[in-house]
Amino acid sequence: MKPAAEESYVVGTSEAELARLLRQHALFRPACMEAWRKAGVAPGLRVLDVGAGPGAAALDLAALVGPAGSVVAVERNSRFVSHGQTRARASGLAQLEVLQADLLRDPLPAGPFDLIWCRWVAVYLEDGARLVERLVPLLGQGGRMLFLETIDWTTLALHGSDAGTTAVAGFGRGVDRAIAASGGDPVLARRLPGLLAAAGLQLEVLEPLVLGGDAAVTEWLADVIALMGPELVRQGIWTEQDLTAARAALQRAQNQPGCYAVGPLQLWIQARRP
């Protein structure tokens with residue numbers, strides 16, 4: 001039996017995870033802003049944000065499209081939806097609507113949209129190809145779909161430290177296993193460009209994204225492992241010994257010159273509907 005939608009996230013949806021997602025968005029925000037610029041995000045556009053989480057990206061997009069535009073953010077978890085709605089009201093962004101829905105099962109907001117934005121969502125779904133099938137008809141003519149997905153978690157690494165780096169590398173392999181165990185497809189991003197092309201979209205951008213070498217990336221990796229590591233241990237995918245070694249290595253690395261973290265290999269995928 002599939003777990004309930006509220007509980008089927010790989011690492012859950014606790015307050016701690018919500019806070020981690022907001023910190024993660026702050027790290028990736030400059031790259032996102034540049035990608036949105038390339039995709040032509042501008043005042044007056046209508047945007048669909050699918051798998052919006054707590055709504056950090058949706059807030060940025062709503063500010064970019066302005067009062068003349070609109071952003072509809074879709075998220076299945078009620079905690080995240082409530083957070084997004086509260087922040088939208090507090091920010092005075094009337095052009096942002098946050099809705100609760102399952103991307104594969106529930107009716108989606110009616111198109112056409114000028115941009116459909118999807119970040120770190122498709123690989124976690126039980127049928128990412130079905131998501132593409134559902135989204136393409138919602139694009140208006142000339143509209144764009146923009147994905148950011150992880151290609152390979154096993155490229156995550158900590159360099160210049162000690163034996164704890166082996167445990168950190170093992171964490172990346174563990175995430176792949178956890179995604180597969182939850183019903184997702186950890187390598188879907190490798191097939192996603194082909195799926196979009198087969199659906200009749202024109203590929204415009206295929207650009208790798210790797211963050212690394214900055215102290216903020218090491219802090220981000222420590223943050224990720226602190227929240228995701230115990231869940232991997234609970235699932236029997238990782239050991240308590242590995243978790244302890246990885247956390248200790250990352251703590252030392254933050255104060256050890258020459259140590260640096262490299263995040264997992266990701267891919268920007270931008271496609272246009274002719």
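Helix 1 (residues 15-38) lies across strand 4 (113-119), strand 5 (139-152), strand 7 and strand 9, and runs at about 30° to strand 9. Helices (H or I, at least four residues) and strands (E, at least two) are DSSP runs, numbered from the N terminus. Axes are lines fitted to C-alpha atoms, for helices over the stretch in contact, and angles run from 0 to 180 degrees between N-to-C directions. The model is predicted: local features need pLDDT of at least 70, side-chain atom pairs count only at pLDDT 80 or more, and totals for chains, interfaces and linings use all residues. Residues are numbered from 1 along each chain as its sequence is written, and side-chain values use heavy atoms, with hydrogens and water left out.

- Seven strands form an open sheet in the order 3-2-1-4-5-9-7, with mixed pairing; two strands pair if DSSP finds at least two bridges between them.
- Strand 3 (96-100) and strand 7 (202-209) each have a single partner strand, so one side of each is left without a neighbour in the sheet.
- On average, neighbouring strands of this sheet are turned by 15° against each other, direction ignored.
- Strand 7 and strand 9 (residues 265-272) run antiparallel and are joined by seven bridges.
- Proline 208 has leucine 267, in strand 9, as its bridge partner.

**Nonpolar cores**

- A nonpolar core is a set of buried Ala, Val, Leu, Ile, Met, Phe, Trp, Tyr and Cys residues joined through side-chain atoms within 4.5 Å.
- The largest nonpolar core has 55 residues, of which Leu96, Phe171 and Trp268 touch the most other members.
- Helix 7 (residues 215-234) gives the largest share of this core, eight residues.
- Apart from this core lies another, of 32 residues, including Cys118 and Leu131.

**Valine 65**

- Valine 65 is in helix 2 (residues 56-65).
- Valine 65 counts as buried because its relative accessibility is 0%; buried means under 20% relative accessible area, exposed over 50%, partly exposed in between (1.4 Å probe, protein chains only).
- Valine 65 is 18 residues from valine 47 in sequence and 8.3 Å from it in space, C-alpha to C-alpha.

**Helix 7 and helix 8**

- Helix 7 packs against helix 8 (residues 240-253) at an angle of about 170°, with their axes 10 Å apart.
- The two helices are therefore roughly antiparallel to each other (angles under 35 degrees count as roughly parallel, over 145 as roughly antiparallel, 65 to 115 as roughly perpendicular and the rest as oblique).

Terms used: Contact means heavy atoms within 4.5 Å.
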